[in-house]
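Here is a short report on one protein chain. Please keep the sequence and the model side by side while reading.

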Amino acid sequence: MERLQKVMAQAGIASRRKSEELIVSGKVKVNGVVVTELGTRVSSTDQVEVEGIPIVKEDNVYYLLYKPRGVISTANDEKGRKTVVDFFPHIEERIYPVGRLDYDTSGVIILTNDGDFSYLMTHPKFEIKKKYIAKVKGIPSRENLRKLERGIELEDGMTAPATVKMQSMDKKTQTAIVEITIHEGRNRQVRRMFDAIGCPVDSLKREEFAILSTRGLNAGEARELTVHEVKQLRVLAETGKIG
Ligand code: URA
C-alpha cells in the first residue's frame, strides 16, 4: 500500500505537492469515490482517477541531459522556444525536467516521469548538492568569496552555506572562473549571489548534480541513468549519504 499522492506522483500526474492539492480540492477518486484525505493509502488494484481520467502507471524512466545554452527547461514553451523535452523525440513516456536551469545556463539536468523522485531531488530539505562553474566579470575578493560561502542576503533571504573555490583569474580581462556548490535551488540563485558581490555572471554551467556530471557527454547529448544511479540518488536524498 502506498500513499495516494505518492502513487499519483510516480504516475507522472504532478509533483507530490501538486498531487496533494489535487486530492484536497476533491479532484481525485479511488474506486469511484472522491477522496480528500491526504493519508489515504492505495494498492495496485485500486482504480485511481484524476479529474475523471484513470491514471495509468507508466514505467519510470530517468535521463540525464547535458543542456546546452539557449534551451528552456520546461516541458512546453508558449513562445515556441526549444525545450529540454525536445531532446527526447523518441521517448513515449511523458517526461519533464527535475528542477530548472536558466535559458542561458548549460549543464546537467535530469528528466523523468517519476514525480516522487523529482520531489526528492528538488526539495531543499534533502540538500542535494549542485556544483556550478561560473565565469564572472571582475575578480572576487577573498572576503567576498567567504561571504558567498557563509551565506549572503538576497531579496528572498539569506542563502544557505555554500562551498566556493576560485578556479582561475585573468587580471588582464578582469574575469574569474569560480566553482560554487549549493544545495538550494532558488530562481537564478547563483547569478544573484554573484551580483550581490558585484561580479556578475557571464556564463554558467551546472557541472554536477549530486553524483551526476556532464562527463562523457557533449552539450545536447543525453543518456539514461543507470538503476544504480537512481538508487544512489534516492538514498542520498533520504539519508544524506551515498548508499
Ligand atoms: N543558478 C542560476 O543563477 N541559474 C541557474 O540556471 C541555476 C542556478
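Strand β13 (residues 163–170) and β14 are antiparallel and joined by seven bridges. Strands count as paired if DSSP finds at least two bridges between them. Helices (H or I, at least four residues) and strands (E, at least two) are DSSP runs, numbered from the N terminus. In this pair, methionine 166 lies opposite valine 178 of β14. Four residues separate the two strands in their hairpin, where glutamine 174 has a positive phi near 55 degrees.

The model is predicted: local features need pLDDT of at least 70, side-chain atom pairs count only at pLDDT 80 or more, and totals for chains, interfaces and linings use all residues. Residues are numbered from 1 along each chain as its sequence is written, and side-chain values use heavy atoms, with hydrogens and water left out.

How many residues of β14 (residues 175–182) are buried? Seven of the eight are, and the strand is mostly covered. Buried means under 20% relative accessible area, exposed over 50%, and partly exposed in between (1.4 Å probe, protein chains only). β14 also pairs with β10, antiparallel, over eight bridges. Lysine 131 has threonine 181 of β14 as its bridge partner. Tyrosine 132 faces isoleucine 180 of β14.

β10 is largely enclosed by the rest of the structure, because six of its eight residues are buried. β10 has a further antiparallel partner in β15, through seven bridges. There, isoleucine 133 is opposite lysine 205 of β15.

## A four-strand open sheet

Elsewhere, four strands make an open sheet in the order β3-β2-β5-β6, with antiparallel pairing. β3 (33–34) and β6 (53–54) are the edge strands, and each pairs on one side only. β5 and β6 run antiparallel and are joined by two bridges. Valine 50 is opposite isoleucine 53 of β6.

## Helix α2

Helix α2 spans residues 16–24, and its buried residues are Ser19, Leu22 and Ile23. Viewed down the helix axis, the buried residues fall within an arc of 100 degrees, so they line one face of α2. The arc is that of the directions from the helix axis to the C-beta atoms. Glu21 and Val24 are exposed on the other side of α2.

What covers the buried residues of α2? The cover includes α1 (4–10), β2 (28–30) and β5 (48–50). Glycine 26 follows α2 and has a positive phi, near 80 degrees.

## Two pockets

Rolling a probe the size of a water molecule over the atoms shows where empty space is left. A pocket is defined on a 1 Å grid over the protein atoms alone: it is an open set of points where a 1.4 Å probe fits, with protein on both sides within 12 Å along at least five of seven lines, and lining residues have an atom within 4 Å of a point. Grid points are joined across faces, edges and corners, and a volume is the space filled by probe spheres set on the points.

The largest pocket holds about 930 Å³ of space. Its lining has 36 residues, and Val98, Gly99, Arg100, Thr122 and Gly185 lie nearest its centre. At least two lining residues come from each of α2, β8 (96–97), α3 (115–122), β10 (130–137), α5 (189–196) and β15 (201–209). α3 gives the most, with four residues. The lining comprises 14 nonpolar, eleven polar and eleven charged residues. Here Ala, Val, Leu, Ile, Met, Phe, Trp, Tyr, Cys and Pro count as nonpolar, Asp, Glu, Lys and Arg as charged, and the others, Gly among them, as polar.

The second largest pocket holds about 250 Å³. It is lined by 14 residues, with Val7, Ser43, Ser44, Asp46 and Lys57 nearest its centre. Seven lining residues are nonpolar, four are polar and three are charged.

## The whole chain

The chain has six helices and 17 strands. Its C-alpha atoms fill a box of roughly 70 × 40 × 35 Å, taken along the principal axes. Of its 243 residues, 48% count as buried. Among contacts between residues at least 6 apart in sequence, 62% join residues at least 24 apart. Contact means heavy atoms within 4.5 Å.
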